[in-house]
There are 2 protein chains.
Amino acid sequence: MFESKRMEISACVAVVVSVAVLFFVLEGAAAPPANPTEPVKFTEDGKLMKPDGYRKWVYVGTPLTPNDLNGGEAPFPEFHAVYIDPESFAHYEKTGKFRDGTVMIKELVGVGAKEATSGKGYFMGEFSGLEASIKDSKRFKDEPGNWAYFSFGHSYPLKKAAAKNAVASCNQCHQASAADDYVFTQFYPVLRASSPNAK
Amino acid sequence: MFESKRMEISACVAVVVSVAVLFFVLEGAAAPPANPTEPVKFTEDGKLMKPDGYRKWVYVGTPLTPNDLNGGEAPFPEFHAVYIDPESFAHYEKTGKFRDGTVMIKELVGVGAKEATSGKGYFMGEFSGLEASIKDSKRFKDEPGNWAYFSFGHSYPLKKAAAKNAVASCNQCHQASAADDYVFTQFYPVLRASSPNAK
């Protein structure tokens with residue numbers, strides 16, 4: 001009887017300890033990922049808060065409109081490093097479609113040099129601006145294609161939050177000239193190459 | 001005595017099942033990450049195998065040397081999208097140093113257009129080449145700065161493996177003109193901004 005009781009206690013202890021360790025391990029595994037599913041935040045009055053961490057997202061391409069080729073003041077000065085959030089990129093790789101919730105970032109960078117040991121051209125200087133576009137069929141149900149566009153400014157310091165731009169200021173160009181669902185995929189080789197439609 | 005035996009068996013079963021489940025969970029947690037610590041592979045005779053997955057690494061900047069500004073044939077045609085492996089970027093963020101094992105990728109992209117709705121400039125076309133540089137004090141102990149340089153070609157199809165280039169072909173320029181440890185950080189704003197020395 002005494003031995004039986006001891007065994008019973010041992011069984012209980014073994015189960016409790018194992019479950020506790022298991023819980024700890026599972027908790028660790030379920031920790032928030034580096035790039036969560038909802039990669040941006042909005043203020044209560046619907047402004048987009050300046051995104052963070054996007055320099056670790058998936059880079060898709062860099063259009064360049066230097067000031068010296070655009071009368072001294074390009075509409076988007078000057079390098080435009082474009083990113084997509086990782087979850088939406090994974091969806092694009094599978095489907096060739098921009099999922100609801102896709103966030104794209106356009107980080108603007110000034111020209112810092114025009115010659116280097118690798119030749120003549122354009123070389124990045126300092127960050128100068130930040131913009132974003134977001135596809136969201138609930139939040140932006142009245143925008144063409146459900147895409148809304150935000151600018152945090154074309155000079156530093158950037159705004160901490162931005163209301164969506166008027167349709168005329170961004171969406172019209174994207175609607176008229178972007179190759180795929182309001183996105184200029186014609187200038188983003190990483191997206192083109194990753195789409196299953198390209199294979 | 002019968003009950004004692006049953007308890008003993010129960011204890012054993014509980015422990016065995018718990019350990020088995022724990023092992024399964026830990027195995028899952030230890031599965032290879034998307035970007036493993038060793039992000040590239042070498043052949044048995046020391047050639048670098050064409051890297052894979054680098055388009056999900058951390059983008060650092062895009063120098064541009066268009067053919068039309070370089071007598072029709074730029075040394076590196078034309079956009080150079082530059083990436084660093086994520087583990088080495090994390091180390092750089094903490095220390096401002098390129099760790100042993102750092103891999104940098106230079107993906108070459110041709111100019112596809114010179115005007116768009118955003119203005120005059122240069123817009124990416126198709127991928128045209130791939131290069132890599134790797135810092136490794138064991139594998140490249142005799143190279144200046146322990147950096148070796150590899151080219152998979154400046155036109156498609158790319159080589160599947162590449163021997164390291166002669167010191168004169170890459171390392172001399174990097175040694176003479178790159179701002180930080182053989183890396184042209186002067187053209188990579190993402191690296192400059194992420195270094196703790198910049199703050």
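In this predicted model, helix α2 of chain A, which spans residues 86-95, has Ser88(A), Phe89(A) and Tyr92(A) as its buried residues. These residues cover an arc of only 105 degrees around the helix axis, which puts them on the same side of α2(A). As background, an α-helix has 3.6 residues a turn, so residues three or four places apart point the same way.

**Around helix α2 of chain A**

- The elements that cover the buried residues of α2(A) include the strands β2 (58-61), β3 (79-84) and β4 (103-116), together with helix α4 (189-194), of chain A.
- After α2(A) comes Gly96(A), and the phi of this residue is positive, near 75 degrees.

**The sheet of chain B**

- Five strands of chain B form an open sheet in the order β2-β3-β4-β5-β6, and their pairing is antiparallel.
- Because β2 (58-61) and β6 (147-151) of chain B each have a single partner strand, they stand at the edges, and one side of each is left without a neighbour in the sheet.
- On average, and with direction ignored, neighbouring strands of this sheet are turned by 35 degrees against each other.
- Five bridges join β5(B) and β6(B) in the antiparallel sense, and Ser133(B) has Tyr149(B) in β6(B) as its bridge partner.
- Helix α2 of chain B (residues 86-95) lies across β2, β3 and β4 of chain B, and runs at about 75 degrees to β3(B).

- Ser128(B) belongs to strand β5 of chain B, residues 119-135, and it counts as buried because its relative accessibility is 16%, where buried means under 20%.
- Leaving aside residues up to four places away in sequence, Ser128(B) touches several residues, among them Pro77(B), Leu108(B), His154(B) and Tyr156(B).

Conventions:
Residues are numbered from 1 along each chain as its sequence is written. Chains are lettered from A and ligands numbered from 1 in the order in which they are written. This is a predicted model: local features need pLDDT of at least 70, side-chain atom pairs count only at pLDDT 80 or more; totals for chains, interfaces and linings use all residues. Side-chain values use heavy atoms; hydrogens and water are left out. Buried means under 20% relative accessible area, exposed over 50%, partly exposed in between (1.4 Å probe, protein chains only). Helices (H or I, at least four residues) and strands (E, at least two) are DSSP runs, numbered from the N terminus. The arc is that of the directions from the helix axis to the C-beta atoms. Contact means heavy atoms within 4.5 Å. Two strands pair if DSSP finds at least two bridges between them. Axes are lines fitted to C-alpha atoms, for helices over the stretch in contact, and angles run from 0 to 180 degrees between N-to-C directions.
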